[in-house]
Amino acid sequence: MTERKKIAVLISGRGSNMASLISACMDPAYPAEITLVISNRPGAAGLERAAEFGIETATVDHTEFSRDREAFERVLDEKLKQHGIEFVALAGFMRLLSPWFVTQWRDRLINIHPALLPSFKGLHTHERALEEGVKLHGATVHFVSAEMDDGPIIIQGAVPVLDGDTPDTLGARVLAVEHQIYPKALELVASGRAKVKDQRVAISGEDADLADRTLIVP
């Protein structure tokens with residue numbers, strides 16, 4: 001079997017999507033293993049959760065860097081390199097990353113966003129989807145670019161917006177989709193079957209027939 005890629009997950013809170021990635025990595029045939037979880041917030045619940053699985057954890061507290069974002073990111077980058085990390089997955093990491101950091105990890109840095117990008121970038125996506133009256137809402141896994149919630153799309157998952165939905169009910173269904181598509185996206189990236197070509201993601205091998213790479217959940 002090909003050697004599994006070393007993954008770091010960056011979190012700021014409970015790490016719900018981190019947990020779905022950890023579960024996927026428990027399969028010996030999965031092409032990636034999470035070897036490090038880093039939070040920018042001391043005491044983040046996800047750190048304890050990761051430690052329960054025997055995963056090494058660390059904290060790089062962004063408040064100690066006097067708003068010097070690049071100084072914070074240089075410490076973060078050094079920790080990743082010290083651990084031989086090959087790919088980085090953002091899972092509720094509530095920090096905007098600078099062009100410097102994104103360049104360091106170009107095409108090796110992925111994120112999940114609770115909306116069907118390019119719609120509803122930023123926060124409060126479920127409220128905004130309901131306000132706009134869209135019929136489909138969902139989540140997107142993408143390679144990270146220097147722009148917020150931007151970059152080549154790997155896979156998306158969609159759910160219908162139902163009559164009577166609230167931000168909470170809609171958000172719960174979207175979160176269930178996130179837990180399905182993030183492990184699949186990481187698998188594609190870690191295996192080398194998903195690569196960026198001309199600012200789009202090309203998928204090769206057994207998943208090449210994922211035509212639009214959108215999962216529709218009833």
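Reply: Happy to. One term before we start: a crossing of two helices is called right-handed if the near helix is turned clockwise from the far one by less than a right angle, and left-handed if anticlockwise. Also keep in mind that this is a predicted model.

Me: Good. So which hand does the crossing of helix 1 and helix 6 have?

Reply: That crossing is right-handed. The two helices pack at about 45°, with 9 Å between their axes, and helix 6 covers residues 167–190.

Me: What do we call helix 1 relative to helix 6 at that angle?

Reply: Oblique, because about 45° makes helix 1 oblique to helix 6.

Me: Which residues make that contact?

Reply: Helix 1 brings Ser-16, Asn-17, Ser-20, Leu-21 and Ala-24. From helix 6 come Leu-175, Glu-178, His-179, Tyr-182, Pro-183 and Leu-186. The residues of this contact divide into 6 nonpolar, 4 polar and 1 charged.

Me: And how does helix 1 pack with helix 2?

Reply: Helix 1 (residues 16–25) and helix 2 (residues 45–52) meet at an angle of about 15°, and their axes are 10 Å apart. That makes helix 1 roughly parallel to helix 2, since angles under 35 degrees fall in that class. The crossing of helix 1 and helix 2 is right-handed.

Me: Who's in that contact?

Reply: Ser-16, Met-18, Ala-19 and Ile-22 from helix 1, with Gly-46, Arg-49 and Ala-50 from helix 2. By type, the contact of helix 1 with helix 2 has 4 nonpolar, 2 polar and 1 charged.

Me: Is helix 1 largely enclosed or largely open?

Reply: Largely enclosed by the rest of the structure, because 9 of its 10 residues are buried. Among the buried ones are Met-18, Ile-22 and Cys-25.

Me: What do those buried residues pack against?

Reply: The buried residues of helix 1 pack against helix 2 and helix 6, and also against strand 1 (5–11), strand 2 (32–39), strand 4 (87–90) and strand 5 (109–113).

Me: Let's zoom in on Asn-17. Buried or exposed?

Reply: Asn-17, which lies in helix 1, is buried, with a relative accessible area of 7%. Not counting residues up to four places away in sequence, Asn-17 touches Ala-91, Ile-112, Leu-175, Glu-178, His-179 and Tyr-182.

Me: Changing topic: how many aromatic pairs does the structure hold?

Reply: There is 1 aromatic pair. The ring centres of Phe-65 and Phe-72 are 5.9 Å apart and the planes sit at 70°, so the pair is edge-to-face. Both Phe-65 and Phe-72 are buried.

Me: Where is Phe-72, and what does it touch?

Reply: Phe-72 is in helix 3 (residues 69–82), and its relative accessibility is 2%. Beyond neighbours within four places in sequence, Phe-72 contacts Asn-40, Val-60, His-62, Phe-65 and Phe-93. Phe-72 and Asn-40 are 32 residues apart along the chain, with their C-alpha atoms 9.3 Å apart.

Me: Last one: where does Asp-150 lie?

Reply: Asp-150 lies in the loop between strand 6 (136–143) and strand 7 (153–160). Asp-150 counts as partly exposed, at 30% relative accessibility.

Me: What does Asp-150 touch?

Reply: Lys-121, His-142, Phe-143, Val-144 and Ser-145, leaving out residues up to four places away in sequence. Asp-150 is also 9.6 Å from His-113, C-alpha to C-alpha, with 37 residues separating them in sequence.

Technical notes:
Residues are numbered from 1 along each chain as its sequence is written. This is a predicted model: local features need pLDDT of at least 70, side-chain atom pairs count only at pLDDT 80 or more; totals for chains, interfaces and linings use all residues. Side-chain values use heavy atoms; hydrogens and water are left out. Axes are lines fitted to C-alpha atoms, for helices over the stretch in contact, and angles run from 0 to 180 degrees between N-to-C directions. Helices (H or I, at least four residues) and strands (E, at least two) are DSSP runs, numbered from the N terminus. Angles under 35 degrees count as roughly parallel, over 145 as roughly antiparallel, 65 to 115 as roughly perpendicular and the rest as oblique. Contact means heavy atoms within 4.5 Å. Ala, Val, Leu, Ile, Met, Phe, Trp, Tyr, Cys and Pro count as nonpolar, Asp, Glu, Lys and Arg as charged, and the others, Gly among them, as polar. Rings of Phe, Tyr and Trp (its six-membered ring) pair if their centres lie within 6.5 Å; planes under 30 degrees apart count as stacked, over 60 as edge-to-face and the rest as tilted. Buried means under 20% relative accessible area, exposed over 50%, partly exposed in between (1.4 Å probe, protein chains only).
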